[in-house]
Amino acid sequence: MGWSLVAAVDRDLDELMAWLPDRAAVDVWGGPIFRFPFTRETFLQDCHWDEFATYRLNDGYGNFAAFGQIGERYGRSHLARLIASPTMRGQGVGSRLMTHLMQEARRLYRYEECGLFVYRHNAPALHCYKAAGFEIVDYPDDAPMPDECFYLKRKL
């Protein structure tokens with residue numbers, strides 16, 4: 001059995017929320033407007049569960065390995081709220097997640113490019129995105145936090 005990207009469902013919430021144990025982790029993952037401490041209700045609202053295509057990446061054994069969302073922003077597919085299971089970090093899970101999400105983004109939205117935001121201080125995520133072929137580009141004019149984040153894009 002190989003790695004698979006499947007739609008995240010409500011029962012995935014408890015495990016996903018456990019991956020975000022403190023304000024700092026929530027901020028890096030969801031940004032400063034994401035509420036902490038959160039409830040199931042505020043978590044669903046703040047991650048825009050119903051507004052984005054929401055996925056979990058399963059490893060070859062069906063374990064919940066990573067999470068990510070796909071939407072549309074700035075005339076391209078947009079990846080958001082990407083996270084690997086704490087027990088699987090440093091094992092290439094982020095790269096697998098990126099590959100699967102980009103394939104799904106191409107299928108869902110048919111854009112030729114994909115974009116995402118990352119905090120400038122989030123070196124592990126920035127390294128993962130650059131390894132996946134993303135490049136830092138001009139920051140969108142109307143996007144918040146231009147001094148704290150980079151905007152990256154790549155062709156699909």
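Reader: Is Arg 81 buried or exposed?

Author: In this predicted model, the relative accessible area of Arg 81 is 13%. A residue counts as buried under 20% and as exposed over 50%. By that cut-off, Arg 81 is buried.

Reader: In which element does Arg 81 lie, and what is its phi?

Author: Arg 81 has its place in strand 4, which covers residues 76–84. Most residues other than glycine have a negative phi. Arg 81 is a residue other than glycine with a positive phi, and the value is near 50°.

Reader: Where does Arg 110 lie, and is Arg 110 buried or exposed?

Author: Arg 110 is found in the loop between helix 4 (93–109) and strand 5 (113–119). Arg 110 is not a glycine, yet its phi is positive, at about 60°. With a cut-off of over 50% for exposed residues, the 66% relative accessibility of Arg 110 makes it exposed.

Reader: How many helices and strands does the protein chain have, and in what order do they run?

Author: The secondary structure of the protein chain comes to 5 helices and 7 strands. Read from the N terminus on, the order of these elements is β-α-α-α-β-β-β-α-β-α-β-β.

Reader: Why is the protein chain described as being as compact as a globular protein of its length?

Author: For 156 residues, the globule rule gives 15 Å. The C-alpha atoms fill a box of roughly 35 × 35 × 30 Å along the principal axes. The chain is as compact as a globular protein of that length because its radius of gyration is close to the rule's value, at 15 Å.

Reader: What share of the residues is buried, and what share of the contacts joins residues at least 24 apart?

Author: Of the 156 residues in the protein chain, buried ones make up 48%. For contacts, the count takes residues at least 6 apart in sequence. Among these contacts, the share joining residues at least 24 apart is 60%.

Reader: How far apart do the centres of the positive and negative side chains lie?

Author: The accessible surface of the protein chain comes to about 8400 Å², and carbon and sulfur atoms account for 50% of it. The chain carries 18 positive and 21 negative side chains. The distance between the centres of these two sets is 6 Å.

Definitions and conventions. Residues are numbered from 1 along each chain as its sequence is written. This is a predicted model: local features need pLDDT of at least 70, side-chain atom pairs count only at pLDDT 80 or more; totals for chains, interfaces and linings use all residues. Side-chain values use heavy atoms; hydrogens and water are left out. Helices (H or I, at least four residues) and strands (E, at least two) are DSSP runs, numbered from the N terminus. The radius of gyration is taken over C-alpha atoms; the globule rule is 2.2 Å times the number of residues to the power 0.38. Buried means under 20% relative accessible area, exposed over 50%, partly exposed in between (1.4 Å probe, protein chains only). Contact means heavy atoms within 4.5 Å. Accessible areas come from the Shrake-Rupley method with a 1.4 Å probe; for residues, only the protein chains shown count as cover. Lys and Arg count as positive and Asp and Glu as negative; His and the chain ends are not counted. The place of a charge is taken as NZ of Lys, CZ of Arg, CG of Asp or CD of Glu.
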